[in-house]
Amino acid sequence: MKIKLTVNKKAHEVQIDPGEMLLDVLRRLGYKSVRRSCDSASCGNCTVLLEGKPILSCITFAASVDNCSIETVEGLSEKEELHPIQEAILETGGSQCGYCISGLTLTIKSFLAENPDPDDEEIKKALVGNLCRCTGYESQIKAVKLAAKKLRGEKR
Amino acid sequence: MSERKKFNYVNKNEIKVDGPSILKGKPVYTDDFDFPGALHVVLVRSTYPHARIKSIDKEKALKVPGVVEILTYEDVPQKIFTKAGQGYPEPSPYDSFILSKKVRYVGDPVAIVAAETVNAARIAASKVNVEYEKLEPVLDFKKATKDGAPVIHDEEGTKDIYDPSRNIASHYEMEVGNTDEVMEKCDYVVEKTYHINTQLHAMMEPHVSISYYDANGRLVVITSTQVPFHTRRILSMIFDIPIRKIRVIKPRIGGGFGGKQAVHVEPYVIAVTLKTGRPARMIFERPEVSMATNIRHEMEFKATVGASKDGTIKALSLDGLSNTGAYGEHALTVFMVAGSKTLPLYNKVEAVRFRGDVVYTNLPPAGAYRGYGAPQGLFALDCVIDELAHELEADPLELKRKNAIKEGETSPIFKIMGEGTEGVEQIVRSCKLDECIEKGKKIIKWDEKINHKKEPGKKVRGVGCALAMQGSGIAKVDMGAASVKVNEDGSVNLHLGATDLGTGSDTIMAQIVAETLDIPVEKVIVYSSDTDMTPFDVGAYASSTTYVSGNAVKNAAEKLKNRIKEKAAHYLNTDVDNIEVKNQHALNKENGEKISFSDLFTKLFYTFEQEQLMASASYVGNESPPPYLATFAEVEVDLETGKVDVLKIVSVADCGMPINPIQARGQLEGATMQGLGWALYEDVKYDGRGRMLTNDFFTYKIPSRMDYVNMECYLVDSYEPSGPFGAKSIAEIGIDTPVPAIANAIYNATGIRLREAPFSSEKLLMEILKNEI
């Protein structure tokens with residue numbers, strides 16, 4: 001079957017197997033930022049934004065998002081400039097191996113759009129679905145706070 | 001301390017050199033590389049823990065549309081080897097085949113299926129019909145050596161298995177003085193047995209490899225590995241392909257923690273490429289990562305400590321048993337590290353003993369895992385000393401501190417125990433353990449909390465501490481090399497074998513070059529871990545990279561600096577001694593004349609004494625300076641449920657001079673959290689047939705953000721004279737302490753001593769009920 005998909009504002013018409021997952025389709029289209037880790041909806045590494053909201057692409061049937069708009073990390077950095085969230089993650093050491101970072105970045109983006117000035121507890125709750133084995137989370141919590149500041153236009 | 005100075009690029013929080021590409025989601029990990037026409041590989045795995053293969057029927061599977069090739073033990077070389085990636089000759093027994101006629105754990109590879117799509121390969125794999133002759137398995141490591149126990153490695157041709165007939169993969173024993181005699185004379189002797197379960201690495205990127213022939217017919221392997229050069233050597237040996245015809249490339253790696261210090265994937269994709277001539281790729285599914293790669297060695301130690309009334313520890317003994325599972329990857333060395341990286345901490349003893357067996361079972365093979373045996377050994381050692389403190393009615397922190405090693409001291413164990421071989425004598429040149437203790441105890445408020453009166457109520461609180469040491473590479477074994485060359489714009493290429501698996505080593509190596517040559521970090525272009533393009537390095541393990549590879553990089557950069565000075569002296573018509581290298585210039589100190597690097601390097605290419613300036617260096621440590629760590633935990637125990645909440649965990653480390661403080665602290669934070677998970681809820685369970693039940697993130701619980709506790713990690717001011725710019729290691733040590741520190745805190749809170757880790761609520765509640773607390 002064929003579906004229409006808008007990824008990072010770019011329109012795609014793509015032939016898929018009816019049982020194919022969005023994760024596989026996006027990676028096949030070249031959006032390699034969408035990472036495969038658990039493949040069973042338990043780690044958050046494959047998170048993408050569907051109409052601005054985070055979803056797990058490993059358990060989302062591609063067929064179910066026909067005519068929908070998807071955002072991946074590739075769409076975040078315009079003209080190769082880093083997005084403030086990405087800057088914040090780098091500056092706080094929030095990315096070690098970096099494998100979880102695409103999913104985390106998108107979840108942060110959606111979260112900060114709703115809550116531009118979160119406290120620690122709100123951050124932990126909002127990002128609970130994004131596992132990281134490297135950092136122990138400390139630096140990533142700092143990253144979200146710094147990103148929020150940057151997005152609010154405040155200096156560090 | 002005379003070498004200390006103010007640094008320009010070292011000891012600075014430079015952002016990671018690979019950070020921007022990763023953050024932008026560029027295709028940088030192995031699975032991101034597209035190879036048109038690549039075959040997808042899936043393994044058929046054993047469903048029995050111990051069985052002989054009677055027959056394999058491929059017929060139905062071969063009929064699945066898209067299936068190209070199915071290989072069994074009859075189709076691949078039967079060369080015995082070890083999957084462990086370590087110094088050669090490896091101290092691990094040779095006891096593995098690519099595919100064997102016998103399977104030894106649930107998950108052992110039986111057949112390789114290659115197909116045009118991953119789905120076709122999976123469907124076909126499920127249709128391969130294997131007939132087994134079931135054998136009785138060994139599922140309890142304490143029963144592995146019993147008379148009449150089934151023999152797991154009865155195959156021909158194994159090498160360096162200590163006693164295959166009794167399932168003993170490796171054995172080690174050492175003694176300084178006469179431990180039993182000294183114990184007898186001690187005022188206090190405490191002897192207890194501690195058991196600690198295995199742990200899963202649970203790195204986010206699954207094991208993944210791609211193999212293909214390049215245009216010149218050489219075999220290229222892109223792989224998620226910690227050990228690219230060992231991988232090339234092993235592949236050359238098992239497939240009988242000359243080293244010169246193999247290239248191993250390590251791209252960005254999504255975490256390893258020791259789990260990628262072995263060849264788990266590479267042989268299987270290569271077998272397909274060799275057979276079909278086509279590119280082949282495989283990424284493990286999460287359950288395969290969990291149950292069919294390596295796990296941590298489960299261990300049990302009988303720990304004995306003898307002391308005099310005044311709290312001087314006179315004798316120590318660790319008598320252990322380690323479970324290496326079906327194969328002996330890292331069996332001997334991990335076990336030795338349980339002693340060699342723990343016992344020297346208490347160096348004032350008159351006698352010390354370490355001994356035990358590493359045994360085979362029909363469970364997933366254990367291997368390298370962050371800490372490499374030290375956390376298992378330290379759980380027993382630290383807790384038994386904590387128990388001694390209780391007997392002596394002493395403050396456990398003060399007892400440990402009083403007996404711990406100090407700067408300028410040594411331990412005979414450094415010389416006796418290496419990894420697989422003898423070790424190396426060394427004097428501890430940097431040890432700021434006291435500073436670590438002072439800082440940590442203030443933050444946790446140790447003095448007011450350790451003896452506090454218990455409040456009546458359903459919830460009780462307590463504090464615990466643990467001290468640790470590790471090493472920095474394997475002295476006189478681990479070698480790392482680097483080369484540097486200059487470009488016209490004043491930039492420098494750094495090529496090195498060291499393997500950045502997410503730790504940030506590429507970044508700190510760039511900082512070391514930048515500091516040596518006084519050029520900005522962005523002018524250092526790092527390329528690492530490609531067996532064709534970079535010099536040799538053993539890889540990322542044994543906390544070696546900062547110290548061993550870092551010293552190689554520093555030496556190469558120093559050599560290059562001398563060449564730059566030489567050429568600048570010619571150009572500026574002066575003596576080389578008058579030349580100083582400063583801020584991307586070579587400067588005549590006498591008259592202030594100078595030439596910029598970009599000018600000089602351009603002239604050297606085209607018009608002046610034409611030469612490509614470059615330099616290389618190799619480094620092998622003459623010693624392995626230990627980092628040190630003091631960890632404090634405060635817990636709250638719910639007496640009605642046994643639930644343990646870690647209210648705060650504080651880890652303060654001496655890692656020498658951190659090259660990049662944020663990255664170094666990140667290693668400590670990550671390791672602390674990984675240790676905390678292991679202490680409380682990361683618990684591997686098997687069914688009655690040895691099948692791992694906890695093989696995904698639903699059943700094997702790693703810490704999530706909601707489990708994040710109040711964690712504070714610090715690095716104290718320290719400088720290791722033999723390290724590059726004063727640096728020692730930091731990546732492993734953080735995982736050594738959370739388990740004993742939390743055990744000690746639970747004891748302080750409840751009076752219950754848990755000697756079986758992890759400390760689940762169920763376990764603790766049973767003890768609470770038994771003891772009527």
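In this predicted model, 16 residues of domain 1 of chain A are in contact with eleven residues of domain 2 of chain A. The domain assignment places domain 1 of chain A at 2–74 and domain 2 of chain A at 78–151, and their C-alpha centres are 21 Å apart. If you look at the side of domain 1 of chain A that touches domain 2 of chain A, the elements giving two or more residues are strand 3 (47–50) and strand 4 (53–56) of chain A. Strand 3 of chain A has the largest share, with three residues. By class, this side of domain 1 of chain A divides into seven nonpolar, six polar and three charged residues.

Now let us turn to the place where the two chains meet. Here 39 residues of chain A are in contact with 44 residues of chain B. On the chain A side, helix 2 (84–92), helix 3 (101–114) and helix 5 (138–151) each supply at least two residues. Helix 2 of chain A gives the most, with four residues. The residues on the side of chain A that touches chain B fall into 15 nonpolar, 16 polar and eight charged.

Along the principal axes, the C-alpha atoms of chain B fill a box of roughly 85 × 70 × 50 Å. How does the radius of gyration of chain B agree with that of a compact globule? For 773 residues, a compact globule would have a radius of gyration near 28 Å, and chain B has 27 Å, so the two agree.

The domain assignment of chain B is built from separate stretches of the chain: domain 1 takes 19–27 and 479–620, domain 2 takes 33–135, 204–255 and 260–291, and domain 3 takes 298–461 and 627–770. Between the C-alpha centres of domain 1 of chain B and domain 2 of chain B lie 38 Å. Their contact takes 16 residues from domain 1 of chain B and 19 residues from domain 2 of chain B. On the domain 1 side of this contact in chain B, there are seven nonpolar, six polar and three charged residues.

Two helix pairs in chain B deserve a look. Two packed helices are described by the angle between their axes and the distance between the axes. Take helix 5 (residues 228–239) and helix 6 (residues 266–276) of chain B: they pack at an angle of about 50 degrees, with their axes 11 Å apart. Helix 5 of chain B is therefore oblique to helix 6 of chain B, and their crossing is right-handed. Helix 5 of chain B contributes Thr231(B), Leu235(B), Ile238(B) and Phe239(B) to the contact, while helix 6 of chain B contributes Glu266(B), Pro267(B), Ile270(B) and Leu274(B). By class, that contact has six nonpolar, one polar and one charged residues.

The other pair is helix 9 (residues 374–392) and helix 18 (residues 738–750) of chain B, whose axes come within 8 Å and cross at roughly 30 degrees. That angle is why helix 9 of chain B counts as roughly parallel to helix 18 of chain B. This crossing of helix 9 and helix 18 of chain B is right-handed. From helix 9 of chain B, the contact uses Pro375(B), Leu378(B), Phe379(B), Asp382(B), Cys383(B) and Asp386(B); helix 18 of chain B answers with Val739(B), Pro740(B), Ala743(B) and Asn744(B). Here the classes come to seven nonpolar, one polar and two charged residues.

Notes:
Residues numbered from 1 in each chain as written. Chains lettered and ligands numbered in written order. Predicted model: local features only at pLDDT ≥ 70, side-chain atom pairs only at ≥ 80, totals over all residues. Axes fitted to C-alpha atoms, helices over the stretch in contact; angles between N-to-C directions. Parallel < 35°, antiparallel > 145°, perpendicular 65-115°, else oblique. Left-handed = near helix turned anticlockwise from the far one by under 90°. Contact = placed C-beta atoms within 7 Å. Nonpolar A, V, L, I, M, F, W, Y, C, P; charged D, E, K, R; others polar. Domains from an automatic or database assignment. Rg over C-alpha atoms; globule rule 2.2 N^0.38 Å.
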